[in-house]
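Keep the model open as you read.

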Amino acid sequence: MSAPTTVSPERLSSPRQLAAASVGNLVEWYDWYAYSFLATYFATQVFPKGEGGLTSLLDAFAVFAVGFFMRPVGGLLMGAVADRLGRKAALTLTILLMGAGSLLVAVLPTYAQVGVLSPVLLVVARLVQGLSVGGEFAASTTFLVESAPPHRRGFFSSFQYVSTTIGQLLASGLAAVLASTLSDDAMSSWGWRVPFAVGALLSLVGLLIRRGARETLADADDLRSGRVRRPGLLDALRHHPRQSLLIVGITVAGTIAYYTWTTYLPTYANTYAGVPKGTALWVGTVALVFFMVLNPLMGMLSDRVGRRPLLLTFAAAFVLLTVPGLALLDDGAGRLLLVQGTGMVFLAMYTSIAAAVNAEVFPARVRASGIGFPYSLSVALFGGTAPYVGTALKDAGHGTLFPWYLSALCLVSLVVYAVALRETAHRPLPA
């Protein structure tokens, strides 16, 4: 029996494929980031108050990290669904799971109402969302890159983070509007629930749009019927161990830099430098717009000059500039905008091509599961824990160590890019 192949990009409707992957990904990440942006408001509602002022926030970010640890499971299981039943089947399932998790958070009872059941239900919601997000990256990355013409894989790849950024913009923008118009008491009591309810509704929109997408795995029907042998759950790890380790090395710097600069930085600026919460959220929103515009440009650049030059520049910049950059922050908006905007320039060199680089490593038969597990494991270990590590270091009186921690992880990937990663931009996508 022949191995599964992908549909020729010429047979696909590019705008429709981009919309299907992007809209669903937008909804996934809107829900995911709403949690991070609003953690400072709902932490005291869901968790018992401790002696320290950061205790409830620390608990909230611990649950944020717990959600990340379901991502490798989601990457493995949903990646297997995409490789065994087709990319569309996985994309449909991930958006349904994310909507369910968001709805649960929106109606979550408080600790004062139900006691310990409140944080338990929050953990359940984050586990469901973590499972969904882990599978979403595997399925949508594969779907996007397989839909792209050979000379435009970098450009198509960039829409993975363009859609992610739009989701962040919606989450941070809505959070900023609510924070600016509602009192702190109102935000803490009910205002934080609004974005999660909106996320549940958006998931239905994403589901409808994805129904019109074209399958990119040519043998999906034969795989579902059993006429083509389905890959095993761990085939990618067993048969491609080097590629699996390479995905980890590629991802370490990207995930810690991404979650620090796009998600944790508003909280970091508020906690470490005294920037007001509302101001930090608005600055973050402006920086995200800039970041969104940069991604397609960097993707197109990589299609011309290759992936490695961009990755090497990205990692070197974060190794050298993170510590002095974060040290510049004060309680004003100007320096925060400068630091965040400068970081976005270099960060886009990674995010714009992450999907393409990952997809160009594995053959079609195990591409989704091959990407999903090592990528999501790396994100769980180094990206999802970034807010928790930063807050824990602050709570322990060692907050100045966090920038050094970030730089050290970026150095690991810099070595991988320089030594172990070959150029893939102008090679055919592995069959």
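## Cavities

The model holds four cavities of 30 Å³ or more. A cavity is a set of points, on a 1 Å grid over the protein atoms alone, where a 1.4 Å probe fits but cannot get out. Volume is the space filled by probe spheres set on the points, which are joined across faces, edges and corners. This is a predicted model: local features need pLDDT of at least 70, side-chain atom pairs need 80 or more, and totals for chains, interfaces and linings use all residues. Residues are numbered from 1 along each chain as its sequence is written, and side-chain values use heavy atoms, without hydrogens or water.

The largest cavity has a volume of about 100 Å³. Its lining residues (an atom within 4 Å of a point) include F37, Y41, N270 and K277. Helices α1 (14-46), α12 (241-273) and α13 (277-305) each supply at least two of the lining residues.

Among the residues lining the second largest cavity are W29, Y161, Y259 and Y375.

## Helix pair α3 and α17

Helix α3 (residues 71-85) packs on helix α17 (residues 367-383) at about 170 degrees, with axes 7 Å apart. Helices here are DSSP runs of H or I, at least four residues, numbered from the N terminus. Axes are lines fitted to C-alpha atoms over the stretch in contact, and angles run from 0 to 180 degrees between N-to-C directions. The pair is therefore roughly antiparallel (over 145 degrees). In contact (heavy atoms within 4.5 Å) are residues including L76 and G79 of α3 and G372 and Y375 of α17.

Technical notes:
Parallel < 35°, antiparallel > 145°, perpendicular 65-115°, else oblique. 1 Å grid on protein atoms, 1.4 Å probe; cavity = no way out; pocket = protein on both sides within 12 Å on 5 of 7 lines; lining within 4 Å.
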